[in-house]
Amino acid sequence: MENTNQKKLIYQYGLLSGAVAVAFEIMRFSMGIHYVNDGISTLVWMLILFGGVLAGSLAIKNNNSGLISLNQTLKSGVGIALIYTLVILIWTAIMVNVLEPTFWDTAYEVAYEVTKEKDPEAMGNVSFEDFKPFVTWLEWGVYPIIIASRLFFGFIFSLVVGIVIKKSE
């Protein structure tokens with residue numbers, strides 16, 4: 001298979017899965033639940049990423065006469081995850097800097113209230129101003145976390161997909 005064709009499919013499926021993830025995030029934003037970090041949201045982004053990796057790997061396999069190696073699957077899966085991650089990062093930057101410039105202040109307040117509710121004894125005399133320095137690192141720390149988690153799961157998903165769909169010559 002031509003390498004440029006594989007790159008084209010990686011970009012195509014990475015952008016497609018990234019667009020689906022952004023549509024999900026826009027839905028959450030419009031409903032006002034974008035501050036909630038729950039298991040369902042995590043599961044949805046993982047399913048979107050898995051779907052992108054699977055669809056992209058199958059497209060590359062079909063484009064290569066039904067043959068794909070584990071190496072090709074890993075390369076395409078991580079490539080799709082990288083493009084997906086870049087799209088998510090662009091959305092996140094637009095959301096926190098343009099659409100909702102007070103995002104971080106509100107997120108800190110939500111984190112304070114959630115922490116106080118979960119463990120009132122430990123948070124007994126801790127004020128919001130005392131709590132805030134412990135979470136302000138998220139303003140820039142969230143980006144490496146997003147990158148690392150998406151690429152890690154992209155690798156794992158492409159490894160699983162590669163083992164299942166690979167067919168040697």
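The model is predicted, and the values below are computed from it. Helices α3 and α6 run roughly antiparallel to each other, helix α4 has buried residues that line one face, and S65 has a positive phi although it is not a glycine.

**Packing of α3 and α6**

- In general, two packed helices are described by the angle between their axes and the distance between the axes.
- The axes of helix α3 (residues 70-99) and helix α6 (residues 138-165) come within 8 Å and cross at roughly 150°; because angles over 145 degrees count as roughly antiparallel, α3 and α6 are described as roughly antiparallel to each other.
- The crossing in which α3 passes α6 is right-handed, and the residues of this contact divide into 18 nonpolar, seven polar and one charged.

**Helix α4**

- Helix α4 (residues 103-118) has 16 residues, which at 1.5 Å a residue should span 22 Å, and this agrees with its end C-alpha atoms, which are 22 Å apart.
- The buried residues in α4 are F103, W104, A107, Y108 and Y112; seen down the axis of α4, the buried residues fall within an arc of 165°, so they line one face of the helix.

**Loop residue S65**

- Most residues other than glycine have a negative phi.
- S65, by contrast, has a positive phi of about 60° although it is not a glycine, and S65 is found in the loop between α2 (39-63) and α3.
- With a relative accessible area of 69%, S65 is exposed, because the cut-off for that term is over 50%.

Technical notes. Residues are numbered from 1 along each chain as its sequence is written. This is a predicted model: local features need pLDDT of at least 70, side-chain atom pairs count only at pLDDT 80 or more; totals for chains, interfaces and linings use all residues. Side-chain values use heavy atoms; hydrogens and water are left out. Axes are lines fitted to C-alpha atoms, for helices over the stretch in contact, and angles run from 0 to 180 degrees between N-to-C directions. Helices (H or I, at least four residues) and strands (E, at least two) are DSSP runs, numbered from the N terminus. Angles under 35 degrees count as roughly parallel, over 145 as roughly antiparallel, 65 to 115 as roughly perpendicular and the rest as oblique. A crossing is left-handed if the near helix is turned anticlockwise from the far one by less than a right angle, and right-handed if clockwise. Ala, Val, Leu, Ile, Met, Phe, Trp, Tyr, Cys and Pro count as nonpolar, Asp, Glu, Lys and Arg as charged, and the others, Gly among them, as polar. The expected span of a helix is 1.5 Å times one less than its number of residues. Buried means under 20% relative accessible area, exposed over 50%, partly exposed in between (1.4 Å probe, protein chains only). The arc is that of the directions from the helix axis to the C-beta atoms.
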